[in-house]
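Work through the exercises below with the sequence and the 3D view at hand. Try each task before reading its solution.

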Amino acid sequence: MTIGPSGTPAHQHQRETRHVLALAAMAAVLAISFTTLGYQLRPFIHQQFSAHSVGDDPSPSPSPSPSAVSSGDVPQAYLGSWSATLSNDTGTNTRSLVIKQGRIGDDVLTLVADGPAESGTYHCVFTAPLDAVPNDGGRLKLGPSTVTSGVPMSSCSPGGTSTLTLTSGSALRRVNLETGDSLTYTR
């Protein structure tokens with residue numbers, strides 16, 4: 001039997017060293033795994049805590065309650081949930097958007113797009129910041145939209161600058177300023 005410098009058998013000292021190294025390696029793997037998972041979930045966590053009207057489910061929720069609405073630049077009549085459908089050669093597609101209160105530069109629009117694709121279906125979630133509010137309270141201008149999640153991601157493309165206009169009969173018309181495309185949403 002060989003005795004190490006600390007007075008313990010050498011093989012026991014080697015075993016303890018291996019245990020410490022194994023625990024350190026497991027701790028490193030767990031830290032990397034949790035960091036990666038947190039980064040992957042960041043868009044969902046951001047939606048949960050930055051938008052009281054949008055939760056873990058990326059679908060828009062009902063109109064925000066007055067207590068959930070902070071002061072901001074978005075006129076009250078625009079706030080809440082809106083939906084629309086459109087048809088194309090692949091079938092019927094749905095659009096659901098939520099407009100929340102915010103200031104210029106804040107993400108105030110969350111859009112969920114669902115529908116059939118050439119091979120299955122798609123589900124895309126977008127956000128867009130408030131760009132401008134006219135003095136007369138008319139049309140809102142939104143900055144380009146950003147894709148926050150998508151399945152498959154290849155089906156989701158960010159959009160350009162757009163405007164939102166309230167029309168008669170409780171409808172909301174969104175116009176893409178780059179393409180001229182428009183879609184009318186209802187509550």
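## Exercise 1: The largest pocket

The model is predicted. Find which strands each supply at least two residues of the lining of the largest pocket, and describe that lining.

Solution. 
1. Start with the strands: β3 (107-117), β4 (120-132), β8 (171-176) and β9 (182-186) each contribute two residues or more to the lining.
2. Next take the volume, which is about 550 Å³ for this largest pocket.
3. The lining consists of 23 residues, and R95, L111, R174, N176 and Y185 are the closest of them to the pocket centre.
4. Sorted by class, the lining holds 11 nonpolar, 9 polar and 3 charged residues.

## Exercise 2: The disulfide

Locate the disulfide, and decide whether C124 is buried or exposed.

Solution. 
1. Searching the whole structure gives 1 disulfide.
2. Its partners are C124 and C156, with an S to S distance of 1.9 Å.
3. The angle about the S-S bond is -85°, and the link of C124 and C156 is left-handed.
4. For burial, apply the cut-off of under 20% relative accessible area. C124 has 1% relative accessibility and therefore counts as buried. C156, at 9%, is buried too.

## Exercise 3: The salt bridges

How many salt bridges does the structure hold? Identify the partners and state how exposed they are.

Solution. 
1. The count is 2 salt bridges.
2. One of them is formed by the side chains of D73 and R103, at 3.4 Å from N to O. D73 lies in the loop between α1 (10-50) and β1 (80-88), and R103 in the loop between β2 (91-99) and β3, so that distant parts of the chain, 30 residues apart, are linked.
3. D73, with a relative accessible area of 30%, is partly exposed, and R103 is partly exposed at 41%.
4. A salt bridge also pairs K141 with D131, whose closest N and O atoms are 3.6 Å apart. K141 is in strand β5 (residues 140-142) and D131 in strand β4, so this pair ties together parts 10 residues apart in sequence.
5. Apply the cut-offs again: K141 has 33% relative accessibility and is therefore partly exposed, and D131 is partly exposed at 38%.

## Exercise 4: A cis peptide bond

Which residues does a cis peptide bond join, and what is omega there?

Solution. 
1. The cis bond joins V151 and P152, with omega at about -15°.
2. P152 lies in the loop between β6 and β7.

Notes:
Residues are numbered from 1 along each chain as its sequence is written. This is a predicted model: local features need pLDDT of at least 70, side-chain atom pairs count only at pLDDT 80 or more; totals for chains, interfaces and linings use all residues. Side-chain values use heavy atoms; hydrogens and water are left out. On a 1 Å grid over the protein atoms alone, a cavity is a set of points where a 1.4 Å probe fits but cannot get out, and a pocket is an open set with protein on both sides within 12 Å along at least five of seven lines; lining residues have an atom within 4 Å of a point. Grid points are joined across faces, edges and corners, and a volume is the space filled by probe spheres set on the points. Helices (H or I, at least four residues) and strands (E, at least two) are DSSP runs, numbered from the N terminus. Ala, Val, Leu, Ile, Met, Phe, Trp, Tyr, Cys and Pro count as nonpolar, Asp, Glu, Lys and Arg as charged, and the others, Gly among them, as polar. A disulfide is a pair of cysteine sulfur atoms within 2.5 Å. Buried means under 20% relative accessible area, exposed over 50%, partly exposed in between (1.4 Å probe, protein chains only). A salt bridge is a side-chain nitrogen of Lys or Arg within 4 Å of a carboxyl oxygen of Asp or Glu.
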